[in-house]
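Trainee: I would like to learn how to read the features of a protein model, one at a time. Could we go through one together?

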Amino acid sequence: MKQINTTLGRIDIDRLGKVDIHDHIILDGSKNETIPEDFHHIDVDLISREVAAWKAAGGGAIVDSSPIGAGRNIELLNETSVHSQVPFIVTSGFHKLSYYEKDHWLNSASETEIAEILFAECEEGVLLNDSRPHQSKRSTTKANMLKIGVDAEGISPLGSKLLNAVAKTGNLLGIPLMIHTEPGVPFDTLVDTLESIKFDPNRVIICHMGKSLDLELHRALAGRGYYLEFDEMVRPSPSLPKLASTIRSLFDEGFGGAVLFAGDLARRGYWSCYGGSPGLPFLITSLDEFLLDLGISQEILDKIWIENPQTLFSN
Ligand SMILES: [Zn+2]
């Protein structure tokens, strides 16, 4: 059985259970002024209790999707994981470029240098201080997810350097890549670029598909082998019936193996422990009930939450 690296050590992929494929458990804005204040959440005790409640409701593992320089704090993540006894899959790589100041090392480092930094985060351990990659000590936790961000402006020369470095690491180690997208992203160019660098689509998650709610786009991406991540169920728009009908169509058309669900609770206001809503346990409790009412079967939910993440990590 293939294993993956988590904050609780190596775990057999068939023991992950229900996987929230894109979330932000800890978001530490102390070193990055571009992260809005209402995104900061670092209270380990509060957050651990909510993550433990998610586990008690039936949750299994969570991908923490904050990469290098965008609010990741590996020490607080490790602590939260030990307190809640939930394994987190940690992310290396980068968020969209607007999160990085002009003097961040990603601007000046070469593609090879960046690939070496990412490789070491996956093989040796995540950097405790990723703003100084060559001086920093490492956590014993290793990354098992890579990330890049693409916005409506597409892939700039800098973005292309990062994507190449991420692809080199992912291809060498067989680690999945999640891609932050937004409405207006030139998806055709993105896919052509991924194909030109020979990144296996079966290991790529295209994120925030509910924001680009377009069945034709979803069909095209899933048809080429990409995973589609939906996390808009906790947001007011699009409506849950609209999302559910898209998910049902994807399953009806044979693309059910591409669908992944997530919370993406980046804002503090989504966390119950900070007085917000709907809270992390919602994903396991009320959401499944709402979706069952909207005609999504239990079999489909199990495939999305349990089977599809297993297949992704075994590819
Ligand atoms: Zn996110």
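Mentor: Let us begin with burial, where a residue is called buried if 20 or more other C-beta atoms lie within 10 Å of its own, and exposed if 12 or fewer do. Please keep in mind throughout that this is a predicted model.

Trainee: With that cut-off, how many residues of strand β6 are buried?

Mentor: Five of the five residues of β6, which spans residues 145-149, are buried, so this strand is largely enclosed by the rest of the structure.

Trainee: Which strands does β6 pair with, and in what sense?

Mentor: The general idea is that strands of a sheet pair through backbone hydrogen bonds, either parallel or antiparallel. Here, β6 pairs with β5 (residues 88-93) in the parallel sense over three bridges, and L146 in β6 is the bridge partner of S92. Strand β6 is also joined to β7 (residues 177-180) by four bridges, and these two strands run parallel too, with M178 in β7 as the bridge partner of K147.

Trainee: What is the order of the strands in the sheet?

Mentor: The sheet is open and has eight strands, in the order β3-β4-β5-β6-β7-β8-β9-β10, with parallel pairing. At its edges are β3 (18-23) and β10 (259-261), each of which pairs on one side only. Neighbouring strands of this sheet are turned by 30° against each other on average, with direction ignored. If you follow the order onward from β7, you reach β8 (residues 204-206), which is joined to β7 by three parallel bridges, and there V204 is the bridge partner of L177.

Trainee: Which strands does helix α5 lie across?

Mentor: Helix α5 (residues 157-173) lies across β5, β6 and β7, and it runs at about 165° to β6.

Trainee: How should I describe two helices that meet, and at what angle do α7 and α8 cross?

Mentor: Two packed helices are described by the angle between their axes and the distance between the axes. For α7 (residues 215-223) and α8 (residues 240-252), the axes come within 11 Å and cross at roughly 40°, which makes α7 oblique to α8. Their crossing is right-handed. In the contact itself, L215, H218 and A222 of α7 meet T246, S249 and L250 of α8, and by class this gives three nonpolar, three polar and no charged residues.

Trainee: Are Q85 and D264 buried or exposed?

Mentor: Q85, in the loop between α2 (74-84) and β5, has 11 C-beta neighbours inside 10 Å and therefore counts as exposed. D264, in the loop between β10 and α9, is buried, because 23 other C-beta atoms lie within 10 Å.

Note on methods. Residues numbered from 1 in each chain as written. Predicted model: local features only at pLDDT ≥ 70, side-chain atom pairs only at ≥ 80, totals over all residues. Axes fitted to C-alpha atoms, helices over the stretch in contact; angles between N-to-C directions. Parallel < 35°, antiparallel > 145°, perpendicular 65-115°, else oblique. Left-handed = near helix turned anticlockwise from the far one by under 90°. Contact = placed C-beta atoms within 7 Å. Nonpolar A, V, L, I, M, F, W, Y, C, P; charged D, E, K, R; others polar. Pairing = 2+ DSSP bridges.
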